[in-house]
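Please examine the sequence and the coordinates shown below.

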Amino acid sequence: MTLLLDDITLTYADGEGRLTALDRVGLAVPAGTVTAVVGPSGSGKSSLLAVAATLVTPDSGRVTIDGTEATGLSRADAARLRRRAVGIVFQQPNLLPSLTALEQLQVMAHLDGRRPAEVRSRARELLDGVGLAELAHRRPHQLSGGQRQRVNIARALVNEPRVLLVDEPTSALDHERGAAVLELLADLTRARGTATLLVTHDRGCLGVADEVVELVDGRLAGAGVSP
Ligand SMILES: Nc1ncnc2c1ncn2[C@@H]1O[C@H](COP(=O)(O)OP(=O)(O)O)[C@@H](O)[C@H]1O
Ligand SMILES: [Mg+2]
């Protein structure tokens, strides 16, 4: 199992008390498959992704990524594991305004200390894979919302992650572009063998998932939802 979340509980400080954002959540995502977590706003979806990404340490439970238990690691070791094994597609693309599509990808890989020529050809190949080969030299303001989301996805794949985490990929897109981005995510997942965890409030996303689970008030309610 490439991504394992085992009995995860996460609380946040909330005035005098604590708010339980995730309540004993367990999930297993095999390589080459998409698991969709669907739930309304505030149900804990982004919190779940942050825990899976090792950006947030849960109160209890374990996260295992590509065979390494992340929950016991130091922050520095967790950051290394994240860079090596995890690609994150945040809800907001957060592209750097001054960089071209190609450069957005190159910057990510440079952080990982690879050779520039190798990085450049990999970045080109990834942009090609998301249908943006012709637009590699455009900056974010010269791209549509859907195209920016494709750059966002390609960027998450630069370091060849085993785990791909995706937050609300269709929220800024119309139905047609949203559907195309979902198809792309499903194709990339199968072609690259990533364990993909996608969280969304949009039930239109569920068709591309191999497994669908429902999150309500931080609790998983798996039964009764079909892809
Ligand atoms: N950093 C935080 N501090 C305190 N409460 C938070 C924080 N992040 C999220 N929450 C709360 O945790 C719950 C789950 O939020 P979130 O994971 O963002 O849900 P979703 O992504 O499904 O909308 C919400 O009630 C939200 O207000
Ligand atoms: Mg969210």
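The model is predicted, so local features need pLDDT of at least 70 and side-chain atom pairs count only at pLDDT 80 or more, while totals for chains, interfaces and linings use all residues. Residues are numbered from 1 along each chain as its sequence is written, chains are lettered from A and ligands numbered from 1 in the order in which they are written, and side-chain values use heavy atoms, with hydrogens and water left out.

Helices (H or I, at least four residues) and strands (E, at least two) are DSSP runs, numbered from the N terminus. Two strands are said to pair if DSSP finds at least two bridges between them.

Ile8 stands opposite Val25 in E2, and Thr11 has Thr20 of E2 as its bridge partner. The hairpin of E1 and E2 has 2 residues between the strands, and Gly15 takes a positive phi near 60° there. E1 also pairs with strand E4 (residues 60-65), in the antiparallel sense, over 5 bridges; here Arg62 in E4 is the bridge partner of Asp6.

The loop between strand E3 (33-38) and helix H1 (45-52) holds Ser43. Ser43 has a relative accessible area of 1% and is buried (under 20%; exposed is over 50%, partly exposed in between, with a 1.4 Å probe and protein chains only). The side chain of Ser43 reaches the backbone oxygen of Pro40 at 2.7 Å. Not counting residues up to four places away in sequence, Ser43 touches Ala21, Leu215, Val216, Asp217 and Gly218, where contact means heavy atoms within 4.5 Å.

Helix H5 (residues 145-156) has 12 residues and spans 17 Å from first C-alpha to last, close to the expected 16 Å, which is 1.5 Å times one less than the number of residues. Because 9 of the 12 residues of H5 are buried, the helix is largely enclosed by the rest of the structure. Among the buried residues are Arg150, Asn152 and Arg155.

Key
Polar contact = N/O pair within 3.5 Å; in protein donor to acceptor, adjacent residues only side chain to side chain.
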